[in-house]
Amino acid sequence: MKAVAYQQMLPITDAQSLIDVELPQPAPQGRDLLVRVEAVSVNPVDTKIRQRVDPAGADKVLGWDAAGTVVAVGADVTLFKPGDDVYYAGAIDRSGSNAQFQLVDERIVGRKPSTLDFAQAAALPLTTITAWEMLFDRLGVPRGSTPRSGVILVVGGAGGVGSMAIQLIRRLTNFTVVATASRPDTQTWATDMGAHHVVNHHGDLVAAVKAVAPQGVDYVLSLTHTEQHYASLVELLKPQGKLALIDDPATPLDIRLLKQKSLSLHWEFMYTRSLFHTEDMQAQHQLLNEAADLVDAGVLRTTLRDNLGTIGAANLRRAHAQVESASTIGKVVLSGW
C-alpha cells in the first residue's frame with residue numbers, strides 16, 4: 001500500500017522530512033477494523049512527533065485524523081462491518097492514518113456523518129473528541145438548557161479544537177462563550193463558529209475579558225500558550241472555577257496560584273483512553289456517533305478550512321508547514337490518493 005512516512009527528524013523544509021513509501025497492507029485481528037483511508041487532516045501532534053520522536057531509520061507513519069471505509073474486520077468486532085463509512089482519530093501508539101489502509105480499534109471509531117464527504121469528516125475527530133472530553137469529562141460542564149448564568153473562556157478560539165469547543169458550548173450548553181483571537185480573519189471565524197464575544201489575547205487579556213464578562217469566568221479552556229496567559233487566567237476565574245489545558249507549557253505552571261480561589265487544573269489528552277485501554281474506552285465511539293448525529297441534524301458543522309489536495313509527501317509537507325506556522329484557522333485536510 002502507499003503511505004507517507006518519516007525516517008529521521010528533519011525540518012519540514014527538507015524534502016526528506018516526509019517521504020512516499022510502499023508498506024505491507026496490515027490484517028485486522030481482535031477488535032480491529034481495517035479501514036481504506038479516503039481523507040486525513042493534520043494536527044499539531046503530527047508535527048510534534050515528527051520533531052521529537054526518532055524513528056531510528058524505520059518508516060514511521062504519522063496521522064491521527066481520518067475518514068474512510070471499513071474493508072475488513074477482526075474476529076471480535078461487533079460495532080461495524082465491511083462497507084461502513086467511518087471517521088476516527090486513532091491511537092498514538094499505533095501506525096497512523098497517512099496510509100491507504102489503517103488498523104484501528106472499533107471502540108474509538110464512529111460512523112461518518114452522512115451529510116459530509118470524506119474530506120469534511122476527516123477534519124472533525126481529534127478536535128471533536130478533545131473539545132468534548134475537555135468540556136464534559138474533565139471540566140464537568142453541565143449540558144442542556146440550564147439558566148444562562150455562567151461564562152466559558154476559550155483561549156485560541158479559531159484553531160481546530162477551539163472551533164469545535166465554541167460550537168459545543170453554544171449548541172449543547174446554555175453558557176456564554178467568550179473566545180480569544182487576535183487577527184480579523186480569526187476573529188470572524190470564531191464568531192462564525194458561535195462565540196458570543198471575541199476578544200484579542202494580545203495585550204491586557206484580563207481587561208478585554210472583563211469588558212464583556214465583568215464578574216469573570218467559570219471555566220477556561222486554554223488551548224495555546226498557556227504559560228503566557230496563566231496568571232491572567234487565574235485572575236479571570238471565579239472562586240472554585242476550573243481551568244483545562246491541552247498544550248505543553250514551555251515553563252512549569254505554579255499551581256500555588258490556584259489555592260486562594262480553590263481553583264482546579266485539568267489536563268486533556270485524547271489518547272489516554274486508547275493508550276491505557278481504559279474501561280470506558282468505548283466512550284469515544286459513542287461520542288463520535290453522537291457528534292455525527294449532531295452534524296447530520298445541522299447542529300454542528302465541519303471545521304475544514306483548507307483542502308491541500310491528494311495524500312502524498314509533498315502535500316503533507318505543505319500541511320505540516322502550515323500547522324507549524326501556528327496561524328492555521330480551522331483544519332487542514334488532504335483527500336484521495
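Guide: A charge sits over a ring if NZ of Lys or CZ of Arg is within 6 Å of the ring centre and within 35 degrees of the ring normal. Arg 143 meets this over the face of Phe 136, at 5.3 Å from the ring centre, and Lys 112 lies over the face of Phe 118, at 5.3 Å from that ring's centre. The model is predicted, so local features need pLDDT of at least 70 and side-chain atom pairs count only at pLDDT 80 or more, while totals for chains, interfaces and linings use all residues. Residues are numbered from 1 along each chain as its sequence is written, and side-chain values use heavy atoms, with hydrogens and water left out.

Turning to ring pairs, rings of Phe, Tyr and Trp (its six-membered ring) pair if their centres lie within 6.5 Å; planes under 30 degrees apart count as stacked, over 60 as edge-to-face and the rest as tilted. A search of the whole structure finds three such aromatic pairs. In one of them, the ring centres of Phe 175 and Tyr 219 are 5.7 Å apart and the planes stand at 70°, so the pair is edge-to-face. Phe 175 belongs to the loop between helix H4 (160-172) and strand E9 (176-180), and Tyr 219 to strand E11, so the pair ties together parts 44 residues apart in sequence; helices (H or I, at least four residues) and strands (E, at least two) are DSSP runs, numbered from the N terminus. Both Phe 175 and Tyr 219 are buried, that is, under 20% relative accessible area, where exposed means over 50% and partly exposed in between (1.4 Å probe, protein chains only).

Phe 269 and Tyr 271 also form an edge-to-face pair, with 5.3 Å centre to centre and 70° between the planes. Here Phe 269 is partly exposed, at a relative accessible area of 40%, whereas Tyr 271 is buried, at 3%.
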